[in-house]
Amino acid sequence: MDKGRVHLYWGEGKGKTTAAMGLALRALGQGLSVTVVQFLKSGESGELEPLRRLGAAVFSGKAGTKFAAQMTPAERAAAKARHGENLRLALERPCDLLILDEACAAWRLDMVDGALLRRAVLERPECREVVLTGREPADWMLAAADYSTEMRCCRHPFRQGLHARRGVEF
C-alpha cells in the first residue's frame, strides 16, 4: 500500500459511521488489517460484531453509556479515561486502516486525550489510512483530511418523530 491518507466523514446527515464501516469492510475484503475506535458510543451498534468476526480489532465504550451532556463530572472523567485507554491500546496494534468514529465530538467535548488523538492522525505510520467521523470537525482535522465528505441531511424520519431502527440506524 502506498502513502496512507486521512478520510473525514462529517456533517449533520446520516451515514458517517456507515461510510467508515463500509471502508473497513472493503479493507478487510482486500486482506488489510483494520482497527476501529469508537468514542461516545456504547459498543452495541450492529456493525461491530461482524467486523470483529472478519478480523477487525474493535475498541468501544461500555453498554449503558449516557450522552456526554447527561454525565456527572466523575462519569465524564471515567469516560475520557476509557476513551484514552482504548485509543492507546489501538495505537499499539499495527494496522492498515484506523477508524476513529466520533472523533470530532470526542475532541470538541474534551472526552479524549487531545494530544494523543492528534498524534494518531498527524503522526501515523506512512502507509496507514485514518478515518475520522463526526458532526463538527476541528480545524486541524479539516486541514489534515485528504478526503473530506460532508453528510448533509435533506430528509430524515427522525424529524417526523420516528425512532432509530435496528439494522438501519444502529
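The following legends describe close-up views of a predicted model.

**View A. The largest nonpolar core.** This core comprises 26 residues, among which Phe 39, Leu 87, Leu 100, Leu 117 and Leu 132 touch the most other members. Two or more residues each are supplied by strand 1 (6-10), strand 3 (57-59), helix 3 (73-92), strand 4 (97-101), helix 4 (103-108), helix 5 (114-122), strand 5 (129-134) and helix 6 (139-144). Helix 5 provides the largest share, four residues. In soluble globular proteins, nonpolar side chains tend to be buried together.

**View B. The surroundings of Leu 132.** When neighbours within four places in sequence are set aside, Leu 132 is in contact with Val 6, His 7, Leu 8, Tyr 9, Leu 100, Ala 103, Val 121 and Met 141.

View C. Helix 1 (residues 16-29) consists of 14 residues and reaches 20 Å from its first C-alpha to its last, close to the 20 Å expected at 1.5 Å a residue. Its buried residues are Lys 16, Thr 17, Ala 20, Met 21, Leu 23, Ala 24, Ala 27 and Leu 28. Seen down the axis of helix 1, these buried residues fall within an arc of 150°, and therefore line one face of the helix. Thr 18, Arg 26 and Gly 29 are exposed on the other side of helix 1.

**View D. The packing and end of helix 1.** The buried residues of helix 1 pack against strand 1, strand 2 (34-38), helix 2 (48-53), strand 4 and strand 5. Just after helix 1, Gly 31 adopts a positive phi of about 85°.

Methods. Residues numbered from 1 in each chain as written. Predicted model: local features only at pLDDT ≥ 70, side-chain atom pairs only at ≥ 80, totals over all residues. Heavy atoms only, no water. Core = buried A, V, L, I, M, F, W, Y, C linked by side-chain atoms within 4.5 Å. Buried < 20%, exposed > 50% of the residue type's maximum accessible area, 1.4 Å probe, protein only. Contact = heavy atoms within 4.5 Å. Expected span 1.5 Å × (residues − 1). Arc of directions from axis to C-beta.
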